Amino acid sequence: MDHSLIESLKRQAAERAATLVRSGMRLGLGTGSTAAHFVDCIGEKARDGLDVICVPTSERTRLQAEGWNLRLSTLDETPELDLTVDGADEFDAKLRLIKGGGGALLREKIVAAASKRMVVITDASKEIAQLGRFKLPVEVDRFGLNATRRHIEDAAQTCGCHGPIVLRKAEGDRDYLTDGGHPIFDCDFRVIPDPDALAVALNAIPGVVEHGLFIGMASAVIVADAAGVRVVGKLEV
C-alpha cells in the first residue's frame, strides 16, 4: 500500500478517536507514527480551545506535545486518566495487541493501565487472525542478558512459540535502549498460539521488565481502510 495512503488512513483513525475527547479530560498520549497523528489532532483542537491534561508515554511524544503547547503532566501528578489513545503493531479479534515496535512498551502499558479506557487507532494492515507476525518486543534488565534470553526461549517453547530472539540494535550497531535505559529482545515467533499463556510465562521471568503483549487492556480499536473507518469492540463508555 502506498505510504501516503497509509498515513491518510492513520489520520482518519486519529480524527475519529479525537471525537471522544472533551475539555477537562486527562489523556494518555501513545507513541508511534499512528499515535503521532492523534497528538496532532489534539494539538489542533487545543489551539481552538480544547482544554485537556496530557500524559505522554515517551520522550518523543512529550516533545511533539510540547510543540503544540499542550498541558502536560506525569502519572505521579495525575495518576488516574480518562482515556489513552495509542497505536498497535498488531491486534486480533479479541483485542489482544502486540506493541513496542517504537520501544515505549513499558511506559505505554503503565499509562494504559492507569486509564479508564484504552482506544487503539490503526490501519487495516495491523489486523490479523493470530498474533505473532510482528516481532514481539520484550524489555529486559541489562544484568544477566544471556540468562534472561534463555528463560525467554524456554518460556516461549513451552507456549508453542519458536523463532530467533535477537537483541535490538540502534544506529552504529549499539544496543538499543528504551527511555528507561533497558534493552529489548525482539522475538520473531511468526505465530503465537496462546498469547495469554505466553504473557503469564514472560511475567514470571525475573529479568523481564515488560513485554509487548497487551491483553485485556484495549476497549476498542478504530480501524481505517479504503472503505472508511470502523470500530472493533466498544468505543463509547
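Trainee: Is Asp225 buried or exposed?

Mentor: Good place to start, and keep in mind that this is a predicted model. Buried means under 20% relative accessible area. Asp225 has a relative accessibility of 18%, so it counts as buried.

Trainee: Where is Asp225 found?

Mentor: Asp225 belongs to strand S13, which covers residues 220–225.

Trainee: And what does Asp225 touch?

Mentor: Leaving aside residues up to four places away in sequence, Asp225 touches Leu9, Ala124 and Arg230. There is a polar neighbour to look at as well: a polar atom of the Asp225 side chain lies 2.9 Å from the backbone nitrogen of Ala227.

Trainee: Let me try another aspartate. Is Asp186 buried or exposed?

Mentor: The relative accessible area of Asp186 is 13%, so Asp186 is buried. Its place is in strand S10, residues 184–187.

Trainee: Which side chain joins that of Asp186 in a polar contact?

Mentor: That is Arg168, and the polar contact between the two side chains is 2.8 Å.

Trainee: What does Gly101 touch?

Mentor: With residues up to four places away in sequence set aside, Gly101 touches Asp89, Phe134, Pro137 and Arg168. Gly101 sits in the loop between strand S6 (97–98) and helix H4 (105–113). With a relative accessible area of 33%, Gly101 is partly exposed.

Trainee: How far apart are Gly101 and Glu44 in sequence and in space?

Mentor: They are 57 residues apart in sequence, and C-alpha to C-alpha they are 26 Å apart in space.

Trainee: Now for helices. What describes two packed helices?

Mentor: The angle between their axes and the distance between the axes. Here, helix H1 (residues 3–18) packs with helix H2 (residues 33–47) at an angle of about 50 degrees, and their axes are 8 Å apart. H1 and H2 are therefore oblique to each other. The crossing in which H1 passes H2 is right-handed.

Trainee: Which residues of H1 and H2 meet?

Mentor: On the H1 side they are Glu7, Lys10, Arg11, Ala14, Glu15, Ala17 and Ala18. The H2 side has Ser33, Thr34, His37, Phe38, Asp40, Cys41, Ile42, Glu44 and Lys45.

Definitions and conventions
Residues are numbered from 1 along each chain as its sequence is written. This is a predicted model: local features need pLDDT of at least 70, side-chain atom pairs count only at pLDDT 80 or more; totals for chains, interfaces and linings use all residues. Side-chain values use heavy atoms; hydrogens and water are left out. Axes are lines fitted to C-alpha atoms, for helices over the stretch in contact, and angles run from 0 to 180 degrees between N-to-C directions. Helices (H or I, at least four residues) and strands (E, at least two) are DSSP runs, numbered from the N terminus. Angles under 35 degrees count as roughly parallel, over 145 as roughly antiparallel, 65 to 115 as roughly perpendicular and the rest as oblique. A crossing is left-handed if the near helix is turned anticlockwise from the far one by less than a right angle, and right-handed if clockwise. Contact means heavy atoms within 4.5 Å. Buried means under 20% relative accessible area, exposed over 50%, partly exposed in between (1.4 Å probe, protein chains only). A polar contact is a pair of N or O atoms within 3.5 Å; within protein, one must be able to donate a hydrogen and the other to accept it, and residues adjacent in sequence count only if both atoms are side-chain atoms.
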